[in-house]
Structures are given as structure tokens and as C-alpha cells.
Amino acid sequence: MTSTTADDALNRVNTNSKPSDLRITDIRVAEIVGAPFTSALLKIYTNQGIVGLGEVRDGASATYALMLKSRLLGENPCDIDRLFRRIKQFGGHGRQGGGVSAVEIALWDLAGKAYGVPIYQMLGGKFRDKVRIYCDTDAEKPSGTETGRRLKERMDLGFTFLKMDLGLMQVAGIPGAVVAPAGTLEGYRTHAGRGQARTLEERRLRNAAYDVQNVRHPFSALHFTDKGIDLLEQYIHEVREVIGYEIPLAIDHVGHISLQNGIRLAKRIEKYVPAWLEDVIPWQYADQYRQLQEATTVPICTGEDIYLKEGFEPLLKSGISVIHPDLLTSGGILETKKIGDAAQEHGIAMAIHMAESPIAAMAAAHVAVATENFMALEYHSADVPWWDDIAIGLPKPIVKDGFITVTDKPGLGIDDLNDDLLSRHLQPGVTGIWQPTDRWDDDWSWDRTWS
């Protein structure tokens, strides 16, 4: 019996050469848009023909990953932790974590393919067979009733957990709903553009929009009036009237408001039993998060922009109820597993943020089945008809009846990507996919962070 099991295991190992002889030979990207946002998909190639898949965080530059290429060529991708420790200094919070995280995920995919095992098994095995998905739905409708109907359509598709927007920009255009310095709200209606700027003035305006969006909440001088709070309460009331109270409903996109305004809003919506209230203030203010959670019975959640486990540590001591890492910022698969385990020690649940392609979705799903305090995984592509077709080799639909079922296929479980499809969804200015990246082969600096 033991011999048969050993033989079966060996039959699943890629034996083009021994996994110990596996070496990284190239890194290339496919930069796409619409799945649902801008994405940079990553391939790490090896001397054995095995290819690992990763993904840079939505809205981030592929440069964050490509700059790591010269530091990885010639290495054995199965040495995941050693290589991660080498490159993690080049990541950071928000989108800056995208490159390191993309590479880390691709290394796990390669290791799984080399040894013939799924990633979740290398993380310690399963706590669950299926991953519960929560369906995120932007507040594009003019009333809570209309948004409620849209959420009800999600429920009819089998989703058992929902999220909606509720905040500043839904009432910013209504007279008397928001107190704001003159002209301030205009800066929140637009984002800094991308692509080639034609003039210096265009660049100046782009930078000005960037600066407005980067004013942290305590310094924005934006406040809800009682009318504004009334309107937001009425909105969620209308949603609950349509979808009922049996299904969890999380709240996002509160806006650039202060701690005090967050407390006011949280107290007013307690009766509607939100699953959590997300990113009310910047995650850096752990003590303000403590004050917010102590002031309300609504579970408080944050974390999608935090890089590495140590970035979460102050929040884990603040008393919040839910953390919400994104694998493409947090540092990837193993780091997110560590973050979840650390949160569990503090009695905190872990949801997972995910607004990207099936690569990120499957990476998150492997972490989710292997982490005990996991709650729900985000899905932001229910309205993207070609999302399921990006990855080859996964069951379709990938999200079925509100769940992802992780197979026992090696690595992420993805055989390849649909190049024809990707080529039809290129980012503006991008001329092709998987193009040579030789210019990054010999990029060099003295990287040591101490003397």
C-alpha cells in the first residue's frame, strides 16, 4: 500500500528534470483592462517548460514586477520563502505591493506544478472544500430600492453574501447633505488620468487630481450633515426592504470623512445589521480604528492596502472585527496565510479582497480553504461576461452558486491563459502580450538595507 502511494506521488511530479534543478529563465507580462479593472498578468518561465502564473494588483504598474526580474533569473522557484525575503524590500503598501505579490504567487504555482500538488496542500491542507464568495456591487443606481433589486439578482444567482457602497459620493451632489470647503468635492469626482499626457498643463492637472485623492481623511474637512446621514440611512433601509435581513450585507466606500463622521454613520445603520463597515478611515490610524470599533456594534473592517504581516500588527491589537487583505498587496499566498493565522489569535475574522482576474481569484481561494478564520472572498466581475474565459483548465463557471470549488490540480489549478482573449483587451498603449522583457535582465543596484 505504501509503495503504491509513493509511486502515485512520483507519477505526479514533473520529471523533465528534478525539481531541484528547476531554474527561472524569463518573466513576461500581459497588460489588460476590463476584468474588471486594469491588470498586469505575469508568467515566470523555467528551464523545464513549466510556467508559473501571477498577477500584479489592479490599478498597479507592471514595472513593480518586472524590476524584480534580474534578482530572480537563474534561481530555483521552489525556494519560495528565500526568494520572497530577497525581493520583499521592493514592495510597499497599496499598489506598490503588487510586484512582489505577483512574483510570490507565480513561485507557488511553479512549486505546485513541479511537485504535482495543489497550493492549499502545501499550506497545510483544507479547512473547507468550497470558498464562499461575496458579490460586490457598485452603487450606480439612484436609489436604495434599485440597488436592492440589483443585489437581489445576485442572490438569485446563488450568492449568499453581498456588499454594497454607502457613503460620501452618493450624497455629495445633494444640496445640504455634505459640509465641504468650496471646490473640494470636485476633486473626489475625478481620478488622476493614465496614458500619455500631451502637454505640461495636462500633466499639472493630472498631478493636482492625484494630490487631492491623497489627502487623508482626518485632513479633508468633509462632514455629513444630519440630512446626509438621513439619506444614507434611507438608502440602506431601502436595500434591506428588497433583500431582507437573512443575508449578510457588507458596506464599502464610505468616503474621505473623519473618524467622528464614521461613528455617526455606523450608529445610524446598526439596525440594518451590516456584516462589516469597511475602510472608514485610513488603515494607518490604528488607534482611531480602536475608537471607531468601541463606539459601534457594527463590525469594523480594513486591510486591502496593507503590505506584509507586520503592517497588520497594530490593527490586530486595535480590536477591529474583520481584516481584509488583498493577496496582490499583502505579499502573496504565504504572507496572507500568516496574516490570517495572526488575526485568529486575536479573535478577528479574515475576509479577502479581490477585484482582479481568475489568477488572483484562485490564489485567494487556495489561501481561503487553508485558513481557519476565513469568512468570505470578494468577487467584482459578475458583470464581466469574458472573465471565466481568461483561464484555461478551470471548471466553468469558476464561481458557481456563490462558491469557488478548489480542485486538486497542481499549483493554482490553471493550465494556461487564453491569449486570443487577452489580446482583445489590452490596456491603452500596449501593443501585445508576453513580449520580451530583456531590458530588465541586468537591472542592478546594491540592494542591502544595512551597513
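**Close-up 1. Helices α10 and α11 as a packed pair.** Axes here are lines fitted to C-alpha atoms, for helices over the stretch in contact, and angles run from 0 to 180 degrees between N-to-C directions. With that in hand, welcome to the first view of this predicted model. Helix α10 spans residues 226–243 and helix α11 spans residues 259–268; the two pack at an angle of about 40°, and their axes lie 10 Å apart. That angle makes α10 oblique to α11. The crossing of the two helices is right-handed. On the α10 side, look for D226, I229, D230, L232 and E233, which make the contact with R264, L265 and R268 of α11. Sorted by class, this contact of α10 with α11 has 5 charged and 3 nonpolar residues, and no polar ones.

**Close-up 2. Helices α4 and α15 where they cross.** Here helix α4 (residues 98–115) packs with helix α15 (residues 333–345) at an angle of about 100°, and the axes are 8 Å apart. Because angles of 65 to 115 degrees count as roughly perpendicular, α4 is roughly perpendicular to α15. To find the meeting point, follow E104, I105 and W108 in α4 to I333, L334 and E335 in α15. The contact of α4 with α15 has 4 nonpolar and 2 charged residues, with no polar residue by class.

**Close-up 3. The second largest pocket.** This pocket has a volume of about 240 Å³. Its lining is built from 15 residues, of which Y379, A382, D388, P397 and V399 are the closest to the pocket centre. By class, the lining of the second largest pocket has 9 nonpolar, 4 charged and 2 polar residues.

Notes:
Residues are numbered from 1 along each chain as its sequence is written. This is a predicted model: local features need pLDDT of at least 70, side-chain atom pairs count only at pLDDT 80 or more; totals for chains, interfaces and linings use all residues. Side-chain values use heavy atoms; hydrogens and water are left out. Helices (H or I, at least four residues) and strands (E, at least two) are DSSP runs, numbered from the N terminus. Angles under 35 degrees count as roughly parallel, over 145 as roughly antiparallel, 65 to 115 as roughly perpendicular and the rest as oblique. A crossing is left-handed if the near helix is turned anticlockwise from the far one by less than a right angle, and right-handed if clockwise. Contact means heavy atoms within 4.5 Å. Ala, Val, Leu, Ile, Met, Phe, Trp, Tyr, Cys and Pro count as nonpolar, Asp, Glu, Lys and Arg as charged, and the others, Gly among them, as polar. On a 1 Å grid over the protein atoms alone, a cavity is a set of points where a 1.4 Å probe fits but cannot get out, and a pocket is an open set with protein on both sides within 12 Å along at least five of seven lines; lining residues have an atom within 4 Å of a point. Grid points are joined across faces, edges and corners, and a volume is the space filled by probe spheres set on the points.
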